[in-house]
Amino acid sequence: MVDQGLTGIKVLDLTWHIAGPYCTKYMADSGADVIKLERPGSGDPARNLPPFFKDDPHPEKSGLFLHLNTNKRGITLNLKTETGRTIFKELVKDSDLLVESFRPHVMPDLGLGYEVLEKLNPRLIMVSISSFGQTGPYKEFKATDMIIYGMGGAMFWTGLPEREPLRLGGTVTSCQVGVMAATAAMLALYGAEKRGYGEHIDVSAYEVTRGDIDRASTDLTAYQYCGDYDERQASGTIQYPYGVYPCKDGFFDLAGGGVVFFPRVARMLGRPELTRDYGTAEAQADGQRKEEFLSSIFQPWLMERTRNELWAAAQKANILSGPIFNSEDLLEDPHYRKRNYWQEIEHPVTGKLLYPGAPYRAEGMAWDIRSPAPLLGQHNGEVFGAMGYSEEEITKLKEDGVI
């Protein structure tokens, strides 16, 4: 077994949905021994979120859950029982990190707040991920990815000016929160090695959105200077051709507008004389000429060519560009294939599937998917057995609703 960056680090994972599991996935895929604790019977709610393997809504077939929980060992434990809390405290004594994503009152109400756990393990690093942080007037409020994105400010600038603001697709905010939580945890782990004791890390999703540079940052600065802010901009109002356009087999994205870049577009089209009519500052600001160029020259040329043909021509003309890929394109992409990005992992329920691979490459910190996401309670016998519980005692714990 090859040592990885976090080989030997033990992590208790009390997180669910996306942000927390994304955080602990980074640790598990980097070699940490991550034990995921789930509710007996139901488990992580992400098990019930699509997409599902072959559209079968089964708790072991959620693509989201399978992706976020690779390399983790899975146990079930009811922390609302006294025995469950006792077992949890025993696990804490031998752990380096604890990551949880409950509302701020939950762990203290269970008698498992940081001030209790640090007495059991002074070197413990506890990472608490919540919507608004452990303190402040909003601390107990619940929020979704969309709500946090909207309250964080960036959403005000996305969408059409005459319509309501729009969110970005997917769960970009939750994933970003997970990355920031993992980063904070690694810094704390390094600090604990130097100091000899751990700490409690408070990760607020609301504040993570304000720590990034997505749209609102420049407007926040401008508002402090002049008390005003920009409105949402209509799409297609910038210099042309710039943006996403249909082509023979899909869509293509390029940045070729303006006086500087339009000559490259004309060269790509094999018609350098077009710069005289459409590449001047005056022409680039003229909506009528823009429509004329796009409809009668550029769009017909695009529709005769595939994405790969367009990309080759654009690269030759030194134009920033790229094809718009769908899921099938990504799986077959030769660059990913050449770099062995996709990893084939066999799961006991879904069989063999391809999983996203390493987000970075470093020989001394190998990233590897060693095992698929755990079945609900899959490692109960292994983990509790290592703690000294007999098979009979484990069976009794299950009968009593503890695991």
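In this predicted model, the side chain of D145 makes a polar contact with the side chain of R167, at 3.2 Å. A polar atom of the D145 side chain also lies 2.7 Å from the backbone nitrogen of S174.

**The setting of D145**

- D145 belongs to helix 6, which covers residues 145–151.
- Because its relative accessibility is 12%, which is under the 20% cut-off, D145 counts as buried.
- Once its neighbours within four places in sequence are set aside, D145 is in contact with R167, G170, T171, V172, T173 and S174, a list that includes R167, the partner in the side-chain polar contact, and S174, whose backbone nitrogen was described above.

**The largest nonpolar core**

- The largest nonpolar core comprises 27 residues, and those with the most contacts inside it are V11, M27, L97, I125, V127, I129 and V203.
- Two or more residues of this core come from each of helix 1 (19–29), strand 4 (97–100), strand 5 (125–130), helix 7 (172–195), strand 6 (200–204) and helix 8 (205–211).
- Helix 7 supplies the largest share of this core, with seven residues.
- I125, one of the residues with the most contacts inside this core, is in contact with D96, L97, L98, A185, A188, L189, A192, G198, E199 and I201, leaving aside its neighbours within four places in sequence.

**A second core**

- A separate, second core holds 26 residues, among them I87, Y114, M126 and I403.

Key
Residues are numbered from 1 along each chain as its sequence is written. This is a predicted model: local features need pLDDT of at least 70, side-chain atom pairs count only at pLDDT 80 or more; totals for chains, interfaces and linings use all residues. Side-chain values use heavy atoms; hydrogens and water are left out. Helices (H or I, at least four residues) and strands (E, at least two) are DSSP runs, numbered from the N terminus. Buried means under 20% relative accessible area, exposed over 50%, partly exposed in between (1.4 Å probe, protein chains only). A polar contact is a pair of N or O atoms within 3.5 Å; within protein, one must be able to donate a hydrogen and the other to accept it, and residues adjacent in sequence count only if both atoms are side-chain atoms. Contact means heavy atoms within 4.5 Å. A nonpolar core is a set of buried Ala, Val, Leu, Ile, Met, Phe, Trp, Tyr and Cys residues joined through side-chain atoms within 4.5 Å.
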